[in-house]
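This report is a guided reading for someone meeting the structure for the first time. Please keep the sequence and the model in view while following the sections below.

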Amino acid sequence: MEYIPWFNLLLEALAYLGRRAAGNTAQRLMEQLQSNGVQDLDRFGQQLGPIAALMDRMDRQLQIPEEALQALFGNLSGFPYNTIGSSCPAFLLFYPMTAGFTGDLEGVTEELRKMPPERLAGVLATSLDVADEAGLELSGDEFSARVLALSIPAESKVAILDLYHRPEPVLEQASFYLTRAIRLLQREKKAMEAICAGFTSTLQREGVERFLTHTSSLNCKPELQYSVHPFLFGMDTNLSVTPLEGDGSVQVYCGVLRGPLQAMLASSRGPEYEVYHAIKLLGDRTRFDILCYLRDRRAYGQELSARFGLSRNTIHHHMSKLLAARLVTCTVDGNRVYYTVDGDSVSALLERQRALLVPVPPK
């Protein structure tokens, strides 16, 4: 596993435009933290400031009509909440292509434009997390069946199917704005490197694998090759990308402020909140049953979907919450993400619960 301080500018441009469409500004993040009871925000605000300034410069220089911004980079309704537009039409098309991006967006756009329908269906299925393996090809009927099985509003299903049948309008318009965003990011290279200097130092000090495990509950398979990269506009997000060719490598993009954000939330909330939050999460019977099911096995999304009779995006929603609470861990294997119970974390949580709730016997 190696850390490569290299920015994937296609992924950064997608995240910037998705964050802009969703209104997820730096100021909004600070307001959300304050509303959640976080008191001491000065240090985090200092870390966030340069990113906010960069976003402001980008906003001023990249003019895009609000209607186009929402149509291309706004999240489709019905998907789990995210801050970077990962369920917008442009992201669904371009995200699987980011693994092989070397700077030639025109070439990526042309590859998507000439892609056979079965291959395009596989690309979209990968973005939607309804594909079972990287590079999968699907017939139009099979892809439609998987989309229609999603637990999302009818208008979102129509939008996805329209994207499959008529990708050209989104390709042309999205690539137009992505090209301009990438050019602006190229001019901001020194500023981006300066912003990520602290992140790079942290990884070098703590070790890449330890840091990655701590911030994402990701178990790394020794037989796979991992490369870890900074993710600036996905500052609070970790994403993994597997090349469509399925060469056994995994690219992991780490939000540069995810670690400080997690540490600040943990210190401000205390053990009482952690115990309360875990009990609240497991008050949902589906999540409780999933955790029990994973006690003695590992399973990936499609297995859990079939076992519990739920759509893949519903399973993804539940697993995201369990991962965030550190009740489960995940392992990326090709295009599959396998989940297992985090035994050490659950044991520690039960000890904290006992300390909080069980009276100490008198001496």
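Which residues in helix 1 and helix 3 meet each other? Tyr16, Arg19 and Arg20 in helix 1 meet Met55, Met58 and Asp59 in helix 3, where contact means heavy atoms within 4.5 Å.

## Basis of the description

This is a predicted model, in which local features need pLDDT of at least 70 and side-chain atom pairs count only at pLDDT 80 or more, while totals for chains, interfaces and linings use all residues. Residues are numbered from 1 along each chain as its sequence is written, and side-chain values use heavy atoms, with hydrogens and water left out.

Helices (H or I, at least four residues) and strands (E, at least two) are DSSP runs, numbered from the N terminus.

## Helix 1 and helix 3

The axes of helix 1 and helix 3 cross at roughly 85° and come within 12 Å; such axes are lines fitted to C-alpha atoms, for helices over the stretch in contact, and the angles run from 0 to 180 degrees between N-to-C directions. Helix 1 and helix 3 are therefore roughly perpendicular to each other, a term that covers 65 to 115 degrees, whereas angles under 35 degrees count as roughly parallel, over 145 as roughly antiparallel and the rest as oblique. The residues of this contact divide into three nonpolar, no polar and three charged, where Ala, Val, Leu, Ile, Met, Phe, Trp, Tyr, Cys and Pro count as nonpolar, Asp, Glu, Lys and Arg as charged, and the others, Gly among them, as polar.

Helix 3 spans residues 42-61, and Pro50 has its place in it. With a relative accessible area of 38%, Pro50 is partly exposed, which lies between buried (under 20% relative accessible area) and exposed (over 50%), taken with a 1.4 Å probe on protein chains only. Pro50 and Ser144 are 94 residues apart along the chain, and their C-alpha atoms are separated by 43 Å.

## Helix 1 and helix 10

Helix 1 (residues 9-22) also packs with helix 10 (residues 168-187), at an angle of about 110° and with the axes 9 Å apart. Helix 1 and helix 10 are therefore roughly perpendicular to each other. On the helix 1 side, Leu9, Leu10, Glu12, Ala13, Leu14 and Leu17 take part, and they meet Tyr177, Leu178, Ala181, Ile182, Leu185 and Gln186 in helix 10. The residues of this contact divide into ten nonpolar, one polar and one charged.

## Residues in loops

Pro5 lies in the loop between strand 1 (2-3) and helix 1, and it is exposed, with a relative accessible area of 52%. Although Pro5 and His229 are 224 residues apart along the chain, their C-alpha atoms are separated by 5.6 Å; neighbours within four places in sequence aside, Pro5 is in contact with Thr200 and Pro230.

Asp129, in the loop between helix 7 (117-128) and helix 8 (140-148), has a positive phi of about 60° although it is not a glycine, and its relative accessible area of 29% makes it partly exposed. Arg326, in the loop between helix 17 (312-324) and strand 7 (328-333), is not a glycine and has a positive phi of about 60°; at 24% relative accessibility, Arg326 counts as partly exposed.

## Glu274 in helix 14

Glu274 is found in helix 14 (residues 258-282) and is partly exposed, with a relative accessible area of 32%. The C-alpha atoms of Glu274 and Ala325, 51 residues apart along the chain, are separated by 7.9 Å, and Glu274 touches Leu349 and Arg352, not counting residues up to four places away in sequence.
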